[in-house]
Amino acid sequence: MDSGKLYAHDLVTRFRAGQTRLVVLSSCSSAGGGPVGPEGVAPLVRPLIAEGVPAVIGSLWDVKDPTAEMLLVSFHQHYRNGDDAAVALRKAQIEMLRKNKDASVTSPTAWGAFQVIGHGSSPFASAPQPKEKPP
């Protein structure tokens, strides 16, 4: 019988790390826990970074499911529009503050748990335009 628990080992063996740009761990405290080693990276995040995933998003503490859903849907919209992971998360957090009147959603403890570890550029970003050569 499967307990439903997911371990870091399961994560790194079930996907192709060399083809993964970003992992989003939307579960509670997925980037929390005691830091390991000089890098100070949480136990669930560290193996992903070690396997070559450039960026991981996780939460430092428990968050309510509806709040996490609002934040992460907004994050994915910004990421899909070409923002890198850190910029997309920042924009999503600002939207949480501006678009909601409910104090349980606008409180930094509601949306501030999520952080980006590493750098996750969006595969949807526009290609940089070539610079014009001077005449």
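**Figure 1. Overall order of the elements.** From the N terminus on, the elements of the protein follow the order α-β-α-β-α-α-α-α-β. The protein has 6 helices and 3 strands, where helices (H or I, at least four residues) and strands (E, at least two) are DSSP runs numbered from the N terminus. The model is predicted: local features need pLDDT of at least 70 and side-chain atom pairs count only at pLDDT 80 or more, while totals for chains, interfaces and linings use all residues. Residues are numbered from 1 along each chain as its sequence is written, and side-chain values use heavy atoms, with hydrogens and water left out. Of the 135 residues of the protein, 36% count as buried; buried means under 20% relative accessible area, exposed over 50% and partly exposed in between (1.4 Å probe, protein chains only). Among the contacts with a separation of 6 or more, 72% come from residues 24 or more positions apart, a contact being heavy atoms within 4.5 Å.

**Figure 2. Strand 2 and its two partners.** Strand 2 (residues 55-59) is mostly covered, with 5 of its 5 residues buried. In a regular strand the side chains alternate between the two faces of the sheet. Here Ala55, Ile57 and Ser59 point one way from strand 2, whereas Val56 and Gly58 point the other way. Strand 2 pairs with strand 1 (residues 22-24) in the parallel sense over 3 bridges, and 5 bridges join strand 2 to strand 3 (residues 114-118) in an antiparallel arrangement. Two strands pair if DSSP finds at least two bridges between them. Val56 takes part on both sides: Val56 is the bridge partner of Val23 in strand 2, and Ile117 is the bridge partner of Val56 in strand 3.

**Figure 3. Helix 3 and its buried side.** The end C-alpha atoms of helix 3 are 22 Å apart, in agreement with the 22 Å that its 16 residues should span at 1.5 Å a residue; the expected span is 1.5 Å times one less than the number of residues. The buried residues of helix 3 are Thr67, Ala68, Leu71, Leu72, Ser74, Phe75, His78 and Tyr79. They cover an arc of only 160° around the axis, so they lie on the same side of helix 3; the arc is that of the directions from the helix axis to the C-beta atoms. These buried residues pack against strand 1, strand 2, helix 4 (85-99), helix 5, helix 6 (108-111) and strand 3. The face turned away from the buried side carries the exposed residues Asp65, Pro66 and Glu69. Helix 3 is followed by Gly82, which has a positive phi near 110°.

Figure 4. The structure holds 1 aromatic pair. The ring centres of Phe75 and Tyr79 are 5.6 Å apart and the planes are at 20°, so the pair is stacked. Rings of Phe, Tyr and Trp (its six-membered ring) pair if their centres lie within 6.5 Å, with planes under 30 degrees apart counted as stacked, over 60 as edge-to-face and the rest as tilted. Phe75 and Tyr79 are 4 residues apart in helix 3 (residues 65-80), and are therefore separated by about one helical turn.

**Figure 5. The salt bridge between Lys91 and Asp83.** The count comes to 1 salt bridge, defined as a side-chain nitrogen of Lys or Arg within 4 Å of a carboxyl oxygen of Asp or Glu. The closest N and O atoms of Lys91 and Asp83 are 3.0 Å apart. Lys91 is partly exposed at 32% relative accessibility, while Asp83 is buried at 17%.
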